[in-house]
Amino acid sequence: MKKELTRPQYLDLYFYMRLNRAVEDMMVKLFRQNKIVGGLYSSLGQEAISVGTAYALEKKDWLAPMIRNIGALLVKGVLPRDIFMQHMAKYDSPTKGKDGTSHFGDLDNLHIVSPISMLGDLIPVMTGVAMAGRYLGQKIVAMTWIGDGGSSTGVFHEGLNFAAVQRAPFVLILENNLWAYSTPVRKQVPLENLADRAKAYGIQSYIVDGNDVVAMYSTAKQAVERARAGEGPILIEAKTFRRMGHAQHDPAEYVPKEMRAYWEARDPIALYEKFLTGEKLLDAKGRKEIEEKINALLAKERDFAENSPMPPPELAETGVYCTGDDCHKIRAKWERPVAEVTPPRSRVEAVWTVPGFGSGKGSGGARAPIHFGDTPPVEHTIGNEAKSTNGRKPAAKVAPKKTVKPGAASASRKARR
Amino acid sequence: MPGTNGGASSGTQITFLEAIKQAMFEEMERDPAVVLLGEDVGVYGGAFKTSEGLLERFGWERVIDTPISESAIIGAACGMSYLGLRPIVEMQFIDFIVCAFNQITNFVAKGHYLWNAPAPMVVRGPSGGGVHGGPFHSANPEMYFVHTPGLKVIYPSTPYDAKGLLKAAVRDNNPVLFFEHKFLYRRIKGEVPAGDYTVPIGKAAVRREGKHLTILSYAAMLHTSLEAAEALAKEGIEAEVIDLRTLLPLDEETILHSVKKTNKCLVVHEDTKTGGIAGEIAAILCEKAFGDLDGPLMRVTSLDTPVPYAPTLEEYFLPNAKKIFSAAKELARY
């Protein structure tokens, strides 16, 4: 790990990783007490990814978590009580008990889109969020996560391709944790590096050690800045490992012992503690203070969650439709002059040009042009020509050798045999 | 046709297709939050030219040509709606909407119920048979979606309604699926008023008054039903013909009011028989008007098969005025 952040930033990353793990540890206890209604999914060992990537976003940016991104929610400002209550199906939970786990969002304040269980669906949705933000002049970036298994879905490819042709300010984190439920990654994807998916869409990609929170943060920060500058979507593959089963019920006996042992020795929090201690950013006292702070917070948050009632049964019948302004006042927040997207300024000339083949007027009358040329729509609005050109160079992976320890790849290869 | 223009008198006669185009044009003019996405909607103006001229006027950012990726188009529109935009999505043929089935039924439709996230968006496109489009360009997939809580489903039959309902759909805070029967695009004309107007979603319209039986229909079959009603009138059977216009939510009040008057109900739809809206209407009548029925609910629908290609086969597959006439006569005997 390289020292490149401020001290408070380093400690923030540590705090959120610890909080992420502590929240999940507490939920395991609640699960064993039968207080969690449905399934419980663990991100043990993947905390550096959720925390590091979400920490790279600004407040105005949008994210959509997957099931193992509790850490990202905490960084974005979600209270632990909301996560507890979601799992416990409580009335005060963000969905009032209508859905569980990380399946909740907040359009108005935190800018979080709720996931659904069908994998990959968030990719086009967050592409749309990114496109709308750009259209409204908000200069936001949209981020979501997907697993190695989820990258096999059709909508992953449709979504990423659409984001690419639109050059949407969108960052996709591909958490390659080597297992899709019981299916190893080699049976999902015939690639050593899932970042290679990016080549198919002509977009930039990075490969990062997913257990190195500083690398995760730095890479995500770079990607977010590039996406915001108009370079188009960016794919980050985080190499990691799912330490628990698919969910609480799954002992994951299909995972080779050597593989588990390798990754357990590379626990992201332990690695980071070692780094922080070495850099004199954290000592035993500081560590204890953080632990106490988290314990006190979570005891309070858990009590709140436990005291919340179950939803009243008749709630089941409500809320299928938005009933209008009394329910939601839907208004786009314009941060650019509306005149830019309304006539006369929005007008496009009915002239086509194809490089090497000449140009002409649209046929079929002035109102039925056959072609408008291939001026990319995006560059009209972003106005970042120099960076756009740069963005079209072949995928440059940033320091994969530096960030992925050779051992990581060989261990996973070994374990695959 | 009586009652089709809502009483407006100073408008002009336009085609169904022109009505769709006008609705999109006017809504985009009125509200910069309205954008259009779809395959070939921009440069080409849409496969049926419903968006002709929109790119030229509103520009690249608002009229977006997309890859052939129905799931991505619907998903992106949903994401756009979360930031307060009101996207209109065109499915080049409505048959392809099923490629995005998961996005619509799981993501778009459930958002408001589950996490209080309205998705004000419209998915529209040409549907229906009778134009020899074959099994993948003639579908009536409306009932897949009528079965999905959280969606609204509109299937108009006149230019006046098409324009007014599409404008209402754009302004609605919920996801609305808007089916445009392509047989009607250029075959019918109707009057629309000069100014802005909307037609309320969820309200049926009585197209012809009658006292002997009620015919419930929508879209192209509404016109076929009216044709049959004229023939029935010559035999002294006065059919009341109701245009459902919106299938979800269904206007139970208008249906029940009419059936309680005529005591007989025939449902005509171009969708296939099993699982069509007729079955749902039969259940509603059993629950709420059982004592008022003098005969069984009858239905004239397409066959329970894919839409066949050959004209002879398709004609046999589809309902027509003769089939409606026979069924109505049989029902009238009760």
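The legends below describe close-up views of a predicted model.

**View 1. Where chain A meets chain B.** In this predicted model, contacts link 58 residues of chain A with 44 residues of chain B. Helix 5 (122–135), helix 6 (154–166) and helix 12 (377–382) of chain A each contribute at least two residues to the side of chain A that touches chain B, and helix 5 of chain A provides the largest share of that side, with 10 residues. Sorted by kind, the residues on the side of chain A that touches chain B comprise 32 nonpolar, 18 polar and eight charged.

**View 2. The open sheet of chain A.** Five strands of chain A form an open sheet in the order 1-2-3-7-6, and their pairing is parallel. Strand 1 (62–64) and strand 6 (204–209) of chain A are the edge strands, each of which pairs on one side only. On average, neighbouring strands of this sheet are turned by 20 degrees against each other, when direction is ignored. As background, the strands of a sheet pair through backbone hydrogen bonds, in either a parallel or an antiparallel manner.

**View 3. Strands 3 and 7 of chain A, side by side.** Strand 3 (residues 170–176) and strand 7 (residues 234–239) of chain A run parallel and are joined by six bridges. Within this pair of strands, A:Glu175 has A:Ala238, in strand 7 of chain A, standing opposite.

**View 4. Helix 2 of chain A against the sheet.** Helix 2 (residues 47–54) of chain A packs on the sheet, where this helix touches strand 1, strand 2 (142–147), strand 3 and strand 7 of chain A. The direction of helix 2 makes about 170 degrees with that of strand 3 of chain A.

Key: Residues numbered from 1 in each chain as written. Chains lettered and ligands numbered in written order. Predicted model: local features only at pLDDT ≥ 70, side-chain atom pairs only at ≥ 80, totals over all residues. Contact = placed C-beta atoms within 7 Å. Helix = DSSP H or I, 4+ residues; strand = E, 2+ residues; numbered from the N terminus. Nonpolar A, V, L, I, M, F, W, Y, C, P; charged D, E, K, R; others polar. Pairing = 2+ DSSP bridges. Axes fitted to C-alpha atoms, helices over the stretch in contact; angles between N-to-C directions.
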